[in-house]
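Have the model open beside you if you'd like to follow.

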Amino acid sequence: MPLDAKKIAEIYQSKVAVGYDFSMGHFFPVYKKRAFEESSLKPGDRVLVFCCGTGADFGPILEKIGPQGLLVGVDFSGLMLAQAAKKVEQNRWENVELVEADVTDFAYTGGASFDIGVCTLGLSIIPDYRRAYANLLAHIKKSGELIIGDMQLATGWKSIFNPWTLLMAKKFGGTPEGHQNAQDLVQQMAKDLVEVKKREFFLGAYFYLVGTLR
Ligand SMILES: C[S@@+](CC[C@H](N)C(=O)[O-])C[C@H]1O[C@@H](n2cnc3c(N)ncnc32)[C@H](O)[C@@H]1O
């Protein structure tokens, strides 16, 4: 399946959304949490989360920014956001705003008012990933931070696991093209950011990158 925004929207408006937390809740949270630990997230920060889905990253982010911070989560799937809204309600988080929008053209009032921009498991399934990435950057303050996590195809001996990675990611919209795009973005981030920390997990199938805007 080639990368196709309409297909991705269909996937996340289907039963995939309903079973998402059950399918994805096993391995990724541990790796993702490490990124938030390594970031500069601190009490009072304003955080913009693109492709927030069911809000899987909200807990560890809110732990860091506290009740005086703000988390704005953006996703174009109403079904995924409905689950995020449930988490918000159950946990009585009062500083979370959920916005149903396409991250390639989302615009927050106040523009570049965020300290940190986050996107995990999102950019590699967006055909216009460069536009989404540029839009996330456009909302972050000068010297703010970016936290990106995504699937990738491993290199070297670990590449023997790539067919498994592709199989696992397919149900969620993952494609070889998208994994390649993630690598393209890593190179772009190396240019746009300083103090970059890049880590790989899952036999090279998942990476995160934390860096400060130049
Ligand atoms: C694999 S899920 C990741 C969700 C969450 N970040 C996580 O790590 O659990 C991908 C999410 O990206 C959203 N998404 C994909 N393309 C999008 C776009 N162009 N605009 C907004 N959301 C998008 C989907 O609806 C889905 O919720």
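**Entry 1: Asp 128**

I started in the loop between strand S4 (114-120) and helix H7 (129-138), where Asp 128 sits. I kept in mind that this is a predicted model. Is Asp 128 buried, exposed or partly exposed? I found 16 C-beta neighbours inside 10 Å, so Asp 128 counts as partly exposed; the buried class would need 20 or more.

**Entry 2: the chain as a whole**

Next I stepped back. I counted nine helices and seven strands in the protein chain. The radius of gyration is 16 Å, close to the 17 Å that the globule rule gives for 214 residues, so the chain is as compact as a globular protein of that length. Along the principal axes, the C-alpha atoms fill a box of roughly 45 × 40 × 30 Å. I noted that 40% of the 214 residues count as buried. For contacts with a separation of 6 or more, I found that 73% are between residues 24 or more positions apart.

**Entry 3: the S6 and S7 hairpin**

I moved on to strand S6 (residues 193-201) and strand S7 (residues 206-213), which run antiparallel and are joined by seven bridges. Leu 193 stands opposite Leu 213 in S7. Four residues lie between the two strands of this hairpin, and Phe 202 there takes a positive phi near 55°.

**Entry 4: more positive phi values**

I wanted to see the backbone angles in context, as most residues other than glycine have a negative phi. Which value does Leu 203 have? Its phi is near 55°, a positive value in a residue that is not glycine. Leu 203 lies in the loop between S6 and S7, and I called it partly exposed because it has 15 C-beta neighbours inside 10 Å.

Glu 195 is another non-glycine with a positive phi, of about 50°, but its place is in strand S6. With 9 other C-beta atoms within 10 Å, Glu 195 is exposed, since the limit for that class is 12 or fewer.

**Entry 5: around the ligand**

I finished at the ligand. How many residues surround it? I found 21, and the closest are Tyr 12, Cys 51, Gly 53, Ala 56 and Ser 77. Sorted by class, the shell has 13 nonpolar, five polar and three charged residues.

Technical notes: Residues are numbered from 1 along each chain as its sequence is written. This is a predicted model: local features need pLDDT of at least 70, side-chain atom pairs count only at pLDDT 80 or more; totals for chains, interfaces and linings use all residues. Two strands pair if DSSP finds at least two bridges between them. A residue is near a molecule or strand if its C-beta atom, placed from the backbone, lies within 6 Å of it. Ala, Val, Leu, Ile, Met, Phe, Trp, Tyr, Cys and Pro count as nonpolar, Asp, Glu, Lys and Arg as charged, and the others, Gly among them, as polar. The radius of gyration is taken over C-alpha atoms; the globule rule is 2.2 Å times the number of residues to the power 0.38. Two residues are in contact if their C-beta atoms, placed from the backbone, lie within 7 Å.
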